[in-house]
Amino acid sequence: MTARILAAASMGAALLAGGPAAAQMTPNDYGKPQAWLCWPGKAGDACAVDMTTAVIKADGSSSVEAFKADPKAPIDCFYVYPTVSNDPGVVSDMIANDEELNVVRAQLARFGSKCRIYAPLYRQFTLTGLRAAIAGKPLPGSADPATRAVGYADVVDAWNYYLAHENKGRGVVLIGHSQGSGVLTRMIAAEIDGKPVQKQLVSALLLGTSLGVEKGKDTGVFKSIPTCRSASQTGCVIAYATFRDTIPPPANSRFGRIANDPAMEAVCTNPANLAGGKGELKAYLSNTAAQIADSGAGNPPWVKGKENPKTPFVALPGLLTGQCVSKNGFNYLEVHVNAVPSDPRTDDIPGDVMGPGGPAADWGLHLIDANIAMGNLVDVVAAESKAYLAKK
């Protein structure tokens with residue numbers, strides 16, 4: 001996969017191969033429960049899942065961390081998922097398959113301890129179409145400019161339905177990754193920035209994307225929504241793309257910079273230290289084969305010589321440190337693995353997009369942009385929620 005193709009995909013969905021023009025596609029009815037992956041109280045809510053975590057210490061000992069959602073959380077979260085659909089053609093259908101169910105488990109459900117969760121299905125640009133384009137054999141319709149309107153229009157319709165029928169003046173955190181972040185970036189700029197609803201924005205978490213700000217400033221694409229600099233700040237945005245310190249972004253990576261605009265730079269906010277500098281990343285890594293895409297490497301043995309635990313997630317306290325860096329024209333979240341070969345715990349993590357020759361450097365740790373700082377992000381949302389409610 002290449003960042004160039006992802007950037008194209010990130011603006012929305014596309015036409016069905018051989019199907020009707022995007023403008024002719026029938027809008028979804030977001031009043032129907034089946035149009036939502038997650039909706040509080042919905043039968044079959046995809047976010048009502050087991051989030052139990054094995055917490056594995058450096059000495060190889062472990063404990064089990066339970067999880068409980070808060071159905072009475074004082075704020076809401078609205079989420080748009082990344083490119084995961086394996087549906088045929090270039091635009092997905094509105095049926096939740098394993099890939100959509102897996103991604104909300106990995107990236108979203110843990111926020112349910114701090115907010116009520118709303119996650120619409122939308123007709124996204126598919127992983128099928130993305131892979132075909134990468135292979136140099138794009139599917140019919142994938143290059144049509146109208147293809148970028150379908151998924152975006154779906155998300156805006158879902159957002160407006162949520163505001164009209166469910167929000168009731170509550171604060172809301174917007175959460176997206178990759179294509180989802182691209183769609184939300186467009187929606188925030190058009191529908192929220194400078195509009196009355198902006199007062200209800202607790203924050204926006206736009207992960208695995210390159211969000212532009214003017215160099216040396218905290219605003220840019222968003223005119224009145226600044227970069228978050230503390231966990232008590234509200235109405236702001238957190239954005240980053242993740243790379244290992246041992247595999248920095250190569251020249252052909254579009255994560256971490258704004259191409260063809262020397263006045264702009266990509267936002268990097270470290271969820272583990274919003275004020276700047278290093279911080280411990282509280283990762284919640286998937287402990288199953290159900291990743292957000294099937295292009296990554298499998299899990300290592302978490303403890304040498306031991307069978308991996310059976311919990312859906314693992315946490316590895318103290319193993320990962322993150323900091324935002326500016327190197328070679330890129331701004332990104334640089335991850336360091338605090339490897340100790342003498343202890344029994346793993347000295348590495350999965351998360352790279354794998355190519356024929358190993359990790360695809362231009363993608364970085366894109367598959368785990370959300371997971372690698374999940375504990376930090378949940379903590380930030382909790383602090384922001386408290387600050388928002390205090391101001392209100």
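Reader: How many bridges join β2 and β3, and in which sense do they pair?

Author: This is a predicted model. In it, strand β2, covering residues 53–56, pairs with β3 over 4 bridges, and the sense is antiparallel.

Reader: Which sheet do they belong to, and in what order do its strands come?

Author: They belong to an open sheet of 4 strands, ordered β3-β2-β14-β13, and the pairing in it is mixed. Its edge strands are β3 (62–65) and β13 (285–286), each of which pairs on one side only.

Reader: What about the sheet that contains β10 and β16? What is its strand order?

Author: The order is β10-β16-β15-β12, and this sheet of 4 strands is also described as open, with mixed pairing. Here the edges are β10 (242–244) and β12, and each of these pairs on one side only.

Reader: Is Asn-328 buried or exposed?

Author: Asn-328 counts as exposed because its relative accessible area is 69%, and the cut-off for that word is over 50%.

Reader: Where does Asn-260 lie, and what is its phi?

Author: Asn-260 lies in the loop between β10 and β11 (264–266). Its phi is near 65°, again positive in a residue other than glycine. Asn-260 is exposed, with a relative accessible area of 79%.

Reader: Let us change topic. Where is Thr-227, and is it buried or exposed?

Author: Thr-227 is in the loop between β8 (212–214) and β9 (236–240). Its relative accessible area is 2%, so it is buried; the limit for that word is under 20%.

Reader: Which residues does Thr-227 touch?

Author: Leaving out residues up to four places away in sequence, Thr-227 touches Val-213, Asp-218, Gln-233, Cys-236, Val-237, Val-267 and Thr-269.

Reader: How far apart are Thr-227 and Gly-89?

Author: From C-alpha to C-alpha, Thr-227 and Gly-89 are 37 Å apart in space, and in sequence they are separated by 138 residues.

Reader: Now the helices, please. What is the reach of α5?

Author: Helix α5 spans residues 179–192, which is 14 residues, and reaches 19 Å from its first C-alpha to its last. That is close to the 20 Å expected at 1.5 Å a residue.

Reader: How many residues of α5 are buried, and which ones?

Author: The helix is mostly covered, with 10 of its 14 residues buried. Among them are Val-183, Leu-184, Met-187, Ile-188 and Ile-192. Gly-194 follows α5, and its phi is positive, near 80°.

Reader: Which residues are buried in α3, and what comes just after it?

Author: In helix α3 (residues 127–134), the buried residues are Leu-127, Gly-129, Leu-130, Ala-132 and Ala-133. Just after α3 comes Gly-136, with a positive phi of about 80°.

Reader: One last topic: what lines the second largest pocket, and how much space lies in it?

Author: About 250 Å³ of space lies in the second largest pocket. Its lining has 15 residues, and those nearest its centre are Pro-40, Asp-45, Cys-47, Ala-69 and Gly-112. By type, the lining divides into 10 nonpolar, 2 polar and 3 charged residues.

How values were computed. Residues are numbered from 1 along each chain as its sequence is written. This is a predicted model: local features need pLDDT of at least 70, side-chain atom pairs count only at pLDDT 80 or more; totals for chains, interfaces and linings use all residues. Side-chain values use heavy atoms; hydrogens and water are left out. Helices (H or I, at least four residues) and strands (E, at least two) are DSSP runs, numbered from the N terminus. The expected span of a helix is 1.5 Å times one less than its number of residues. Buried means under 20% relative accessible area, exposed over 50%, partly exposed in between (1.4 Å probe, protein chains only). On a 1 Å grid over the protein atoms alone, a cavity is a set of points where a 1.4 Å probe fits but cannot get out, and a pocket is an open set with protein on both sides within 12 Å along at least five of seven lines; lining residues have an atom within 4 Å of a point. Grid points are joined across faces, edges and corners, and a volume is the space filled by probe spheres set on the points. Ala, Val, Leu, Ile, Met, Phe, Trp, Tyr, Cys and Pro count as nonpolar, Asp, Glu, Lys and Arg as charged, and the others, Gly among them, as polar. Contact means heavy atoms within 4.5 Å. Two strands pair if DSSP finds at least two bridges between them.
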